[in-house]
Amino acid sequence: MNQIKPSQCPMHDNVDRRKSAKIAMANTHPDEGAHWVKSAELAKKILRSKNSLQAGAGAEFVHFDNPEHMSVFFLDGEEHANKKRKTQRFLSPKAVSDQHFKIMNQASRQLLDRFQKAGTAKLEDLSFELAVEVVSDILGLTNSDQFARANRIRRLMEETIVRPKEGVAGFFQKIWQGALVGQFFLMDVRPAMKARKKAPKNDALSFYIEEGYPIKSIIIECMTYGTAGMMTTREFIIMVAWYLFEDEALRERFLQGDIKDQLAILMEILRLEPVAAMVHRRLNEKLEGFDGKTMPSGELYGIDIRAANVDEELVGECPFALDPDRAKRVNNLGRYLSFSDGVHSCPGWLVALHETRIFLELLFKVPGVKLEREPDISWHQLVGGYELRNAIITCDTSE
Ligand code: HEM
């Protein structure tokens, strides 16, 4: 299964045990006309260049008059920096520990209480509800029923992140999508805005209102952070849980470890099983060393996060071995390319890691907790990443 031939490893067997390897290999490829970048060094060079432009998710075909009305993902240069800076403060390390730890703990306990009462749950339901709760709290979407909100957001994502249909079907698809966005606005965004106009809080929505963001921009921000932060974290939590259920020694280390060690374990799993497989950039400068050639300016590149994350140049020897001490050894934070790199890299990475850490620590302390059924793996073509479904967990019931 190894895509890249590793060197002989003295400490580990270095067998490729990545759960998503097979499905990713069948589905990961760059967009039409893009060169496939597998080397971590070139990937970082492209992503960090000030002459590279976002080209993923159809970014090059998205047109807008007003950058305020556009998601941060699709912007570049000054416009991107301005918009990203404004929301960054809600995702900083200090905001995560001072503010967001509380909701991560609270929401995890609430979900796990429900799990203990029922004695069974689908892991993806728990992980999605947790991700929705945490991102909703950061944004300030807290004035609607939690369960109904999670369902509306799930539906919104399922129906809007799809390939556009042609002709009459396309017409009805657009109307349906518009209706779902309208419902999200009326049921979730509007009541939250109303409450914050009366009494502002320390959240993104209060800030958008204070800054005079138009309603369209506010909805776009909520949807951007929603999709980026909820879909990814849902899968990540399930993947980590799967590894920890399977590997007793790793689970023990996770449960006994301090925060730093727990994060090292999570990031090492994410290195092997990155939720986002590929990102795209157009590079408006020459690129040396691609397949031994110098590429002209203006080329499109598909950056293979999965390949870069097992490139020995970046991650050291035995790239397929799960080794939480690796990052320390190779002097990396442990993020590698899992959250991308450069100006478009993920601003929510600490949120994702800590909510996963907090939830799983509590989950593994639930008496009698077991993975009753392993997840099925499928592939989300538009997001370009794996999805884990139908993982059933059980435990001793509390009533
Ligand atoms: C395990 C969970 C997550 C993973 C694997 C992940 C991964 C990524 C990756 C790879 C990108 C870069 C896309 C690119 O370079 O083109 C990205 C961007 C982004 N992520 Fe995350 N993410 C996660 C969780 C989150 C969370 C929790 C939030 C919000 C609270 C978030 C918000 C965003 C936003 C807004 C962007 C766009 C940034 C920009 O274009 O400047 N993500 N994410």
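**Entry 1**

I began with an open sheet of 4 strands, whose order is 1-7-4-2 and whose pairing is mixed. Strand 1 and strand 2 (52-54) are its edges; each has a single partner strand, so one side of each is left without a neighbour in the sheet. Direction ignored, neighbouring strands here are turned by 35° against each other on average. A reminder to myself that the model is predicted.

Next I went through the pairs. Strand 1 (residues 35-37) runs parallel to strand 7 (residues 299-304), with 3 bridges between them. I found Trp36 opposite Gly302 of strand 7. On to strand 4 (residues 278-283), which pairs with strand 7 in the antiparallel sense over 6 bridges. There, Met278 has Asp304 of strand 7 as its bridge partner. Strand 2 and strand 4 are antiparallel too, joined by 3 bridges, and Ser52 stands opposite Leu283 of strand 4.

What lies across this sheet? I found helix 2 (residues 40-48) lying across strand 1, strand 2, strand 4 and strand 7. The helix runs at about 125° to strand 7.

I then turned to an open sheet of 3 strands, with the order 3-11-8 and antiparallel pairing. Strand 3 (120-122) and strand 8 (370-373) are the edge strands, each pairing on one side only. From one strand to the next, the twist averages 35°.

Strand 3 pairs with strand 11 (residues 392-394) over 3 bridges, in the antiparallel sense. Lys122 is the residue I found opposite Ile392 of strand 11. Helix 5 packs on this sheet, where it touches strand 3 and strand 11. Its direction makes about 70° with that of strand 3.

**Entry 1: a hairpin**

Strand 5 (residues 287-290) and strand 6 (residues 293-295) run antiparallel and are joined by 3 bridges. Phe290 has Lys293 in strand 6 as its bridge partner. How many residues lie between the two strands of this hairpin? I find 2, and Asp291 in the turn has a positive phi of about 55°.

**Entry 2: the core**

I looked up the largest nonpolar core and found 90 residues in it. Ala43, Ile46, Val240, Ala241 and Ile303 touch the most other members. Helix 9 gives the largest share of this core, 14 residues. As a general background note, nonpolar side chains tend to be buried together in soluble globular proteins.

Apart from neighbours within four places in sequence, Ala241 is in contact with Leu123, Leu360 and Leu363.

**Entry 3: Ile138**

Ile138 lies in helix 5. Is Ile138 buried or exposed? I take 20 or more other C-beta atoms within 10 Å as the mark of a buried residue. Ile138 has 23 other C-beta atoms within 10 Å, so it is buried.

Which residues does Ile138 touch, not counting those up to four places away in sequence? They are Phe90, His100, Asp203 and Ala204. I also checked the C-alpha atoms of Ile138 and Ala204: they are separated by 6.5 Å, while the two residues are 66 apart along the chain.

**Entry 4: the ligand shell**

I counted 28 residues surrounding the ligand, and the closest are Ala228, Gly229, Ser340, Cys346 and Gly348. By type, the shell divides into 16 nonpolar, 11 polar and 1 charged.

Which helices each supply at least two residues of the shell? They are helix 5 (123-139), helix 9 (215-246) and helix 15 (349-363). Helix 9 provides the largest share, 7 residues.

Most residues other than glycine have a negative phi.

Ser340 is not a glycine, yet its phi is positive, about 65°. Ser340 sits in the loop between helix 14 and helix 15. With 20 other C-beta atoms within 10 Å, Ser340 is buried. Ser340 was also on my list of the residues closest to the ligand.

Cys318 also has a positive phi, about 50°, although it is not a glycine. I placed Cys318 in the loop between helix 13 (312-315) and helix 14 (326-329). Cys318 counts as buried, with 21 C-beta neighbours inside 10 Å.

Key. Residues are numbered from 1 along each chain as its sequence is written. This is a predicted model: local features need pLDDT of at least 70, side-chain atom pairs count only at pLDDT 80 or more; totals for chains, interfaces and linings use all residues. A residue is near a molecule or strand if its C-beta atom, placed from the backbone, lies within 6 Å of it. Ala, Val, Leu, Ile, Met, Phe, Trp, Tyr, Cys and Pro count as nonpolar, Asp, Glu, Lys and Arg as charged, and the others, Gly among them, as polar. Two strands pair if DSSP finds at least two bridges between them. A nonpolar core is a set of buried Ala, Val, Leu, Ile, Met, Phe, Trp, Tyr and Cys residues joined through C-beta atoms within 7 Å. A residue is buried if 20 or more other C-beta atoms lie within 10 Å of its own, exposed if 12 or fewer, and partly exposed in between; C-beta atoms are placed from the backbone. Two residues are in contact if their C-beta atoms, placed from the backbone, lie within 7 Å. Axes are lines fitted to C-alpha atoms, for helices over the stretch in contact, and angles run from 0 to 180 degrees between N-to-C directions.
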